[in-house]
Amino acid sequence: MRLSTYFLPLLRENPTEAQIVSHRLMLRSGMIRQSSAGIYSWLPFGLRVLRKIENIVRDEQNRAGAQELLMPTIQPAELWRESGRYDDYGDEMLRIRDRHERDMLYGPTNEELITDIFRQNIKSYRDLPKNLYHIQWKFRDEVRPRFGVMRGREFLMKDAYSFDLDLAGARRSYNKMFLAYLRTFARLGLKAIPMRADTGPIGGDLSHEFIILADTGESQVYCDKAWLNTDILSSNVEYDGDLQPFFQRWTALYAATEEKHDVANSPIPAADLLAARGIEVGQIFYLGTKYSRPMNAVVAGPDGEQIVAEMGCYGIGVSRLTGAIIEASHDDSGIIWPESVAPFHAGLINLRAGDSASTAAADGLYAALLKAGIDALYDDRAESPGVKFAAMDLIGLPWQLVVGPRSLQRGVVEVKNRRSGQREDMTAEAAINRLRAGL
Ligand SMILES: Nc1ncnc2c1ncn2[C@@H]1O[C@H](COP(=O)(O)OP(=O)(O)O)[C@@H](O)[C@H]1O
Ligand SMILES: [Mg+2]
């Protein structure tokens, strides 16, 4: 993509309305624009990141055996009256009336809708287990929307719902999602800590929140320091294997959030305890029959008896993750994207857009990058080198390639790694090989 034609409205100044670094950087790097409180448009640069996160979340859900569907954003109130939550949910629910005076709502979550789909279509124990998920916009009329996409009113969530015949099956489904979440966040370049949590308005009696450490987080975290040094991806647990020992090993390593648990009685010795702030990026719940019983989601058992489905639900804040990743990965100059979610793999700077030799070399390198399958953003604008360097650091692409008259004379390009800051001169061919190694 050529920057001269790309829609990337960068801001040089810090917007005054943004209180935390991720919000500032998302506005400055032209990722999002607010349309009203807690509601955002995703501009091309931001949307690329959102889609990459979504795809990693999707891939890991699929691997864990969940199946994707897509439910609507608008739901009928009737279903929520059946579960009893229409009145309970309160002011966070956006209520709508259609032209026939029917009560509708913009879904804050989907337990009722998925349970309705289940009961209409799944009738036999032979059809279980099932785990169904979607990635869809939610609306919660938060009292205090703030911190940009971190606490929005409209936000993108992945929500999965599992249905099992019995408690043992439900625990298996829960543990699978537990593992899938650890893997998902690791692939996003994040260290997410699972914390035993309150179940809140969703219900049920077992829940974990996944929290990443960041000073600006809204949650207080206490966990065993040892946890942070453990590499989850190196564990070769299979989704089909016995997940209970794995689950127990991991859950033994952390304590709990301050407001919800008595940390004084926690089994972690004080010297090993880490107290920090964190951001909740996901939460999983064992629901039991909280929705399936009132909504009559039953299947016929082997002897024709009626079995009420055991449910679980599993959420990931996809849009919140864009902000959370920036909170966890930035410096004074701007964003530092992990390679897995970077909107472009590399940025190419032509230092002298007015110089025909420099421009010919940069054009050639740009074409070669695209041919090699490297998604590059090419700064071909007639701006000063200082402006271009600052913009490239701000938007945080993993690699920067710089072409200018001086390096041209020596037959090299300058390659800079955004994270380490290391610079190296190499031939165009060597640069392309270096970048491809990270794909
Ligand atoms: N207002 C919001 N803005 C952005 N993301 C949100 C918001 N509310 C929830 N999320 C994300 O969706 C995930 C699942 O939601 P859930 O646990 O039901 O929400 P909550 O913890 O706010 O009750 C959360 O872990 C969080 O990452
Ligand atoms: Mg939650």
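Tutor: The radius of gyration is taken over C-alpha atoms, and the globule rule is 2.2 Å times the number of residues to the power 0.38. This is a predicted model, in which local features need pLDDT of at least 70 and side-chain atom pairs count only at pLDDT 80 or more, while totals for chains, interfaces and linings use all residues. Residues are numbered from 1 along each chain as its sequence is written, and chains are lettered from A and ligands numbered from 1 in the order in which they are written.

Student: What radius of gyration does the protein chain have, against that of a compact globule?

Tutor: The C-alpha trace spans about 80 × 60 × 40 Å along its principal axes. For 439 residues, a compact globule would have a radius near 22 Å. The protein chain agrees with this, at 24 Å.

Student: How many residues of helix α9 are buried?

Tutor: A residue is buried if 20 or more other C-beta atoms, placed from the backbone, lie within 10 Å of its own. Helix α9 (a DSSP run of H or I, at least four residues) covers residues 318–328 and is mostly covered. The number buried is 11 of 11.

Student: Which element gives the largest share of the shell around ligand 1?

Tutor: The shell has 17 residues, counted as near if the C-beta atom, placed from the backbone, lies within 6 Å. Elements that give two or more residues are β8, β12, β15 and α9, where strands are DSSP runs of E, at least two residues. The largest share, 4 residues, comes from β12.

How values were computed: A residue is buried if 20 or more other C-beta atoms lie within 10 Å of its own, exposed if 12 or fewer, and partly exposed in between; C-beta atoms are placed from the backbone.
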